[in-house]
Amino acid sequence: MVVVARTEGAAGPLILVAPVTHTAPQKSTDAVEIPPNVKKQLGLDEDRSWIVVTELNRFIWPGPDIRPMPETGAPFYDALPDWLFERVRSGVLQHSGQGRLKVTKRTAA
């Protein structure tokens, strides 16, 4: 998952994340492909992957799906390059403006 936004909530930090998948999108505008060099930098596998920009998950940090990495214990791999994050942000905003963005609450807040 890719953290798209963070705000402060009454119960703690609220996070919006975009899922990462190996499944190619049906429409090219529904996801942003992660280039192989970025996947390598992040320590991800070599299979093609996409960041979905039509749906987000919302939860109180650290949330139910956060698992520490075995090598470091950190809850994240690394930051996306700015240019790739901007493509993700633009895709999310485009779908939000069209009323096509689905947000799933993973925790009560």
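**Questioning the labels**

Trainee: Why does F76 count as exposed?
Mentor: Its relative accessibility is 52%. Exposed means over 50% relative accessible area, buried under 20%, and partly exposed in between (1.4 Å probe, protein chains only). So F76 counts as exposed. This is a predicted model, in which local features need pLDDT of at least 70 and side-chain atom pairs pLDDT 80 or more, while totals for chains, interfaces and linings use all residues. Residues are numbered from 1 along each chain as its sequence is written, and side-chain values use heavy atoms, with hydrogens and water left out.

Trainee: Where is F76 found?
Mentor: In the loop between β6 and α2. Strands are DSSP runs of E, at least two residues; helices are runs of H or I, at least four; both are numbered from the N terminus. F76 lies 31 residues from T107 in sequence, and their C-alpha atoms are 19 Å apart. P62 is also placed in the loop between β6 and α2. A cis peptide bond joins W61 to P62, with omega about 15°.

Trainee: Why does T54 count as buried?
Mentor: T54 has 16% relative accessibility, so it counts as buried. T54 sits in the loop between β5 and β6. Beyond neighbours within four places in sequence, T54 is in contact (heavy atoms within 4.5 Å) with D30, H95, R100, L101 and K102.

Trainee: And why does A18 count as buried?
Mentor: The value is 0% relative accessibility, so A18 counts as buried. A18 belongs to strand β2. Its contacts, again leaving aside neighbours within four places, are M1, V2, V4, I51, V52, E55 and L56. A18 and M1 are 17 residues apart along the chain, yet their C-alpha atoms are 5.3 Å apart.

Trainee: How do you know that the span of helix α2 agrees with its number of residues?
Mentor: The expected span is 1.5 Å times one less than the number of residues. For the 16 residues of α2 (82-97) that gives 22 Å, and the end C-alpha atoms are 22 Å apart, which agrees.

Trainee: Which residues of α2 are buried, and why do they line one face?
Mentor: L84, V88, G91, V92 and H95 are buried. Down the axis of α2 they fall within an arc of 95°, so they line one face. The arc is taken from the directions from helix axis to C-beta atoms. An α-helix has 3.6 residues a turn, so residues three or four places apart point the same way. The buried residues of α2 pack against β1, β4, α1, β5 and β6. The face turned away carries the exposed residues D82 and G97. After α2 comes G99, with a positive phi near 70°.

Trainee: What makes up the largest pocket?
Mentor: About 740 Å³ of space. A pocket is an open set of points on a 1 Å grid where a 1.4 Å probe fits, with protein on both sides within 12 Å along at least five of seven lines; lining residues have an atom within 4 Å of a point. There are 28 lining residues, and M1, V2, P75, F76 and Y77 are the closest to the centre. β1, β2, β3 and α1 each give two or more residues to the lining.

Conventions. Points joined across faces, edges and corners; volume = space filled by probe spheres on them.
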